[in-house]
Amino acid sequence: MGKEIVYYIDGDGIGPEVNTAARKVLDEAVKKTYSGENSLEWKEVFAGEKAYQEKGEYLPQESLRVLEKKANNVLKGPLTTPVGAGFRSLNVALRQIFDLYACIRPVRYFPGIQSPVKNPEKVDMVVFRENTEDVYAGIEWEAESPEAKKLISYIREELHSEIDPASGVGIKPITENGSKRLVRKALNYAIEHSKPSTTLVHKGNIMKFTEGAFMNWGYEVARDEFGSYCHFDEDAANSGNGILVNDRIADNMFQQILTRPDEYSVIATTNLNGDYISDALAAQVGGLGIAPGANIGDDLAVFEATHGTVPKRAGTDSANPCSLILSGAMMLDHLGWYKASTNIHQAIEKTILSKKVTGDLARQIQGSSLVGCSELSDLICSNLD
Ligand code: NAD
């Protein structure tokens with residue numbers, strides 16, 4: 001409690017507008033919730049176009065040093081992928097340099113927003129998606145390339161597995177360490193937030209030594225490190241004796257999130273499954289545009305909107321800041337300032353129900369009236385308790 005130093009990366013495109021709006025709401029929420037006893041002190045870290053203009057580099061060494069040595073929590077606006085800067089994407093670079101191995105996406109419904117399903121309010125899940133392995137390892141070779149031919153001939157001749165010589169090939173690495181640290185984070189979250197269950201989602205019926213291994217290692221962590229907090233008996237799910245740890249095959253899980261969403265709470269999964277499932281869930285509550293997220297490692301947590309820079313809206317004060325505001329609320333949760341985070345959720349609920357929203361949400365809410373990015377953040381501030 002007291003003053004907490006936090007960092008921010010403004011971002012490109014609509015980044016500076018939504019970041020200013022988010023910082024304003026977060027400051028106000030902390031001030032109101034704790035009657036001025038707590039506060040956030042913001043420090044800027046330069047990255048993206050602003051860094052290029054001011055320091056001549058998209059990701060200056062000075063910024064990397066601050067992130068490595070000083071920062072624990074960062075609120076990050078979206079960044080454009082610069083052309084010819086020597087790395088695929090600034091977002092990927094940050095994830096890799098700081099080993100932000102857990103991508104966390106909470107998904108809940110905000111009343112008033114149109115949804116494609118009948119009972120969107122039954123969705124309240126947090127997806128923990130592994131962020132460094134599986135397809136994100138990015139290891140693949142084009143069909144007929146010398147590398148693909150070499151690998152295929154090794155597989156055929158040395159490992160005696162059938163594979164069409166004309167294939168493009170990719171490698172899907174999944175490790176014990178990578179799986180266990182992700183599931184450990186999910187279980188810690190479930191315990192801290194008194195969640196009823198954690199579900200390991202995998203495709204282990206087909207890929208036993210990658211997806212199946214993820215499930216086995218996940219159960220191992222639950223049994224060996226969280227044994228006194230967990231149980232594994234589906235029938236005892238509601239008996240109040242700790243967190244139910246279960247697993248589902250990915251295709252079944254996609255049915256379950258539609259048919260029985262209220263039976264799932266925390267999901268821990270591999271990279272590709274997590275990619276699909278977090279977007280499917282966000283679409284289910286009609287809120288892809290306001291979905292928050294975070295990429296978290298052991299030393300650094302980066303809280304960021306799931307949308308991009310929306311260049312056509314840059315500088316027009318018309319973007320929706322809610323995704324970054326809710327990512328900021330995740331940061332407050334991470335700091336243990338749960339009440340301020342809840343206050344923000346309730347204020348956004350009230351604001352959406354008042355039907356004064358930005359253009360993207362207005363399309364999903366009948367009879368709504370349009371406000372800009374800064375006005376929306378003022379309305380949210382006025383709805384804070
Ligand atoms: P985008 O999310 O920027 O835009 C897609 C569409 O979604 C927009 O046309 C807009 O209609 C709508 N939208 C998204 N967020 C909105 C908001 N807050 N308010 C109002 N409307 C919103 O995706 P894109 O066009 O594919 O990408 C544009 C740039 O953003 C690219 O350079 C991409 O690399 C970058 N990007 C960055 C991140 C990140 O930093 N994490 C994520 C995605 C894309």
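Visitor: What counts as helices and strands here?
Guide: Helices (H or I, at least four residues) and strands (E, at least two) are DSSP runs, and they are numbered from the N terminus. Please note that this is a predicted model.

Visitor: Where is Thr210 found?
Guide: Thr210 lies in the loop between β8 (197–202) and α7 (211–226).

Visitor: Is Thr210 buried or exposed?
Guide: Buried means under 20% relative accessible area. Thr210 has 16% relative accessibility, so Thr210 counts as buried.

Visitor: And which residues is Thr210 in contact with, leaving aside neighbours within four places in sequence?
Guide: With those neighbours set aside, Thr210 is in contact with Lys172 and Ile174.

Visitor: Let us turn to helices. How are two packed helices described?
Guide: Two packed helices are described by the angle between their axes and by the distance between the axes.

Visitor: What angle do α8 and α9 pack at?
Guide: Helix α8 (residues 250–259) and helix α9 (residues 271–284) pack at an angle of about 10 degrees, and their axes are 11 Å apart. Angles under 35 degrees count as roughly parallel, and α8 and α9 are therefore roughly parallel to each other. Their crossing is right-handed.

Visitor: Which residues make that contact of α8 and α9?
Guide: On the α8 side they are Ala250, Met253, Phe254, Ile257 and Leu258, while α9 contributes Asn273, Tyr276, Ile277, Ala280, Leu281 and Gln284. By class, the residues of this contact are nine nonpolar, two polar and no charged.

Visitor: How do α1 and α10 cross?
Guide: Helix α1 (residues 15–33) and helix α10 (residues 322–334) cross at roughly 40 degrees, and their axes come within 9 Å. The two helices, α1 and α10, are therefore oblique to each other. The crossing of α1 and α10 is right-handed.

Visitor: Which residues of α1 and α10 meet?
Guide: Val18, Asn19, Ala22, Val25, Leu26 and Val30 of α1 meet Leu324, Ile325, Gly328, Ala329, Met331 and Leu332 of α10. This contact of α1 with α10 has 10 nonpolar, two polar and no charged residues.

Visitor: New topic: which residues of the largest nonpolar core touch the most other members?
Guide: That core has 89 residues, and Leu40, Leu332, Ile344 and Ile348 touch the most other members.

Visitor: What is Leu332 in contact with, leaving aside neighbours within four places in sequence?
Guide: Apart from those neighbours, Leu332 is in contact with Leu26, Val30, Leu40, Trp337, Tyr338, Ala340, Ser341 and Ile344. There is also a second, separate core of 17 residues, which includes Tyr7, Leu59, Leu67 and Leu79.

Technical notes: Residues numbered from 1 in each chain as written. Predicted model: local features only at pLDDT ≥ 70, side-chain atom pairs only at ≥ 80, totals over all residues. Heavy atoms only, no water. Core = buried A, V, L, I, M, F, W, Y, C linked by side-chain atoms within 4.5 Å. Buried < 20%, exposed > 50% of the residue type's maximum accessible area, 1.4 Å probe, protein only. Contact = heavy atoms within 4.5 Å. Axes fitted to C-alpha atoms, helices over the stretch in contact; angles between N-to-C directions. Parallel < 35°, antiparallel > 145°, perpendicular 65-115°, else oblique. Left-handed = near helix turned anticlockwise from the far one by under 90°. Nonpolar A, V, L, I, M, F, W, Y, C, P; charged D, E, K, R; others polar.
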